[in-house]
Amino acid sequence: MSRSPSGDRVALWRNPTFRAYVLQGVLLAALAALIGFIVVNTMANLEARGISTGFGFLDERAGFSIPQTLIEYSGDSTYGRTFFVGLLNTLLVSALGIVMATIIGFAVGIARLSSNWLLARLATAYVEIFRNIPLLVQILFWYFAVLQALPSPRQSLSLLEIVFINVRGLVIPDPQPLSGFAATPWALLVGIVAAIALGICAKRRQVRTGKALPIYWLGAGLIIGMPLLVFLLTGAPLEWSIPELTGFNFSGGVRVLPELVALWLALSIYTASFIAEIVRSGIQSVPGGQVEAANALSLPGGITLRKVVIPQAMRVIVPQLTSQYLNLIKNSSLATAIGYPDLVAVFSGTTLNQTGQAIEIVAMTMAVYLVISLVVSALMNVYNARTLLKER
Amino acid sequence: MAGESMRDVMIEARRPPNAHRGVVKWLQRNLFNGPLNSVVSVITISVLLWALWPLVQWALIQADWLGDSRQACSGEGACWVFISARFESIIYGFYPEAARWRVDIVFALMAGLLAWLAIPRIPGKRWAAIIAVIGFPVAAYVLLLGGHFGLMHVSTRNWGGLMLTLTVATIGIVGSLPIGIVLALGRRSNMPLVRAVSVVFIEFWRGVPLITVLFMASVMLPLFVPTEVEFDKLLRALVGIMLFWSAYMAEVIRGGLQAIPSGQDEAGKALGLGYWHRMGLIVLPQALKLVIPGIVNTFIALFKDTSLVLIIGLFDLLAIIRAGLTDSDWLGFATEGYVFAALVFWVFCFSMSRYSQYIEKRLQTGHTD
């Protein structure tokens, strides 16, 4: 029993610890009641509708076709397979979008800080226009207003007669590896590992002797030069299948779905407008005194940028950038509005409609996005801990 | 001596220095200061001319504005007749024509309240807030849905267009803010269970896309309640939107709570105030004021995402325009339709973001006095 400062006994219901316990008990009971209510109702509803629960449906034959599959898939594949096909399509458009959005975003963000008045205003206009239009409108615009207005395959627009774009999508050359090509990716892998090892060695050496190796050139040589050399030594075992117009359609090359192109464009352009703002604020967050101090130490401009400005700007940029990447991955689910076969469209759409297993399917779909979010947030926490301002 | 250092002829008057103002000087300083910038400027200007001029020609000069059928479209530029011909349905959806005056009243009430709340010079903010939170929703509910006081009942199935977009946005905003405040307080509570529940709730909704939430609301929510309970489609979407955005709102408000020095709370404790008094009278008013820009940004995101309700079959502004595009009399006007939708959303979002910047500036000066 606790006592008030004056020594009097305090009534039990005024004791903070006791009240905390009671409140949490009530919360727990309410939660349990809510979950129980949901479970009981769901069971009754499912029984009334004749839907069996469980994940057995994943082994059943799907029987529908999907226009873009990165892994082998046919109508005879299982519903479980549709999950992975959709997931890979989601990851594909997300990866493409992240690369493109980062490039546009950094370019526009830096352009906003340009001393050229016109360029800076143009970049501002870009940000203000695309940030304030719903992504869904942009996706529908690119798909229905731009791509659907393109000419038929026979009148395709072409770039150097290699890449073609028409109402049915984008046709690009398809690399065909011949025997012996496998050596090149291995060389790339070895090159990357060697470059990392070299980087660590060079850093130690610099700490010990104060001499710096031309690490960027050596690294570039290892990562780009070595695989290229291996590629040429093995006799350039790669053939390009160039698309060619035969009759009413193209033969050869890879056809990229117009849905993918529209979604990719919209996601990149929309997310880039947010990334541009992040980059701008990140660069502006580095106090001018830092650059002045570097100048006073007579550091060359390149080193000032690489060792002083960028590391400090990145501390502000990276966490926000990651959350934009996560947003992009989540936003890629809008694919379902134009029929790009992503996880939501294929699995939460067609598969759900065919099987009626709403709970399992929605839960699996949500779990995928949750896992991606949680993994990225965990990595982010590690990064934050490493780059945290070291206060002395 | 003196004669050598002195002149006996007047120096001719020099021309005044080149002006530091004027168009040429400005151009020189801002666009052509150095070779690189000059090249960049020339490229930018040519790209702008190359891209903007056809756009202006299409959207304004060669566009068709007047008429009420497809015959009015010349096909040379944009045909805005497509929009003007279905303007009524873009605003009101399928709301019966005889009852549209009720929607107009709600629009007017909303505009008035917004102006009252948003313009700092108008006094009586407390009353405005009370009316906005209690009076307005009741009035809007009675007017829009009808069925009382001799008003014709209009089912939510007939709601649509801009009216539905604004309804979803308003209810989403008004609903997610209080839930967000409770969640933010819960996440900072020192009771482990309360904290855990808040964290799991917030991280769950922030980790999944809104589309899956809407799917869940439309497919799973009816399974969660007894069979007798009929769940309106609009209501289901609203529940999903509110839960989803309350998690984002909670994180914004938590940022504000963290910015308030703990001395404020401790001072409240020293005065013998209880938890709710300390939060409601001391901490929250300061924290919320700090994060008004963040809250407005969440509103903008929420407003933009109301367009997603078309995926579960509600006819918001975007869906109505989309439906118009499939009308066999009006095939091939996708560009006009989506450009108009983009413009409407843009006007709303851009004004909100400008307002948030304005408030941010006001609050910044507020700190110094």
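Which residues have the most contacts inside the largest nonpolar core? In this predicted model, they are A:Val137, A:Ile139, A:Leu263 and B:Leu214, and the core that holds them has 142 residues. Helix 7 of chain A, residues 258-284, supplies 15 residues, the largest share of this core. In soluble globular proteins, nonpolar side chains tend to be buried together. For A:Leu263, the contacts beyond its neighbours within four places in sequence are with A:Val93, A:Ile139, A:Ser332, A:Ala335, A:Ile338 and A:Tyr340.

The overall form of chain B was examined next. Chain B has 17 helices and zero strands. Its radius of gyration is 29 Å, whereas the globule rule gives 21 Å for 369 residues; the value for chain B is well over that figure, so the chain is more spread out than a compact globule. Along the principal axes, the C-alpha atoms of chain B fill a box of roughly 115 × 75 × 40 Å. Of the 369 residues in chain B, 30% are buried. When contacts in chain B between residues at least 6 apart in sequence are considered, 64% of them join residues at least 24 apart.

The two chains also meet each other. On the side of chain B, 42 residues are in contact with 46 residues of chain A. Six helices of chain B each supply at least two residues of this side: helix 3 (35-61), helix 9 (192-207), helix 10 (210-219), helix 11 (221-224), helix 15 (292-305) and helix 17 (334-368). Helix 17 of chain B gives the largest share, ten residues. By class, the side of chain B that touches chain A comprises 30 nonpolar, ten polar and two charged residues.

Chain A contains an open sheet of four strands, in the order 1-2-3-8, with antiparallel pairing. Strand 1 (157-159) and strand 8 (254-256) of chain A stand at the edges; each has a single partner strand, so one side of each is left without a neighbour in the sheet. From one strand to the next, the twist averages 20°. Strands of a sheet pair through backbone hydrogen bonds, either parallel or antiparallel. Strand 1 of chain A is joined by three bridges to strand 2 of chain A, residues 163-166, and the two run antiparallel. A:Ser158 has A:Phe164, in strand 2 of chain A, as its bridge partner.

Key: Residues numbered from 1 in each chain as written. Chains lettered and ligands numbered in written order. Predicted model: local features only at pLDDT ≥ 70, side-chain atom pairs only at ≥ 80, totals over all residues. Contact = placed C-beta atoms within 7 Å. Nonpolar A, V, L, I, M, F, W, Y, C, P; charged D, E, K, R; others polar. Rg over C-alpha atoms; globule rule 2.2 N^0.38 Å. Buried ≥ 20, exposed ≤ 12 C-beta atoms within 10 Å, placed from the backbone. Core = buried A, V, L, I, M, F, W, Y, C linked by C-beta atoms within 7 Å. Pairing = 2+ DSSP bridges. Axes fitted to C-alpha atoms, helices over the stretch in contact; angles between N-to-C directions.
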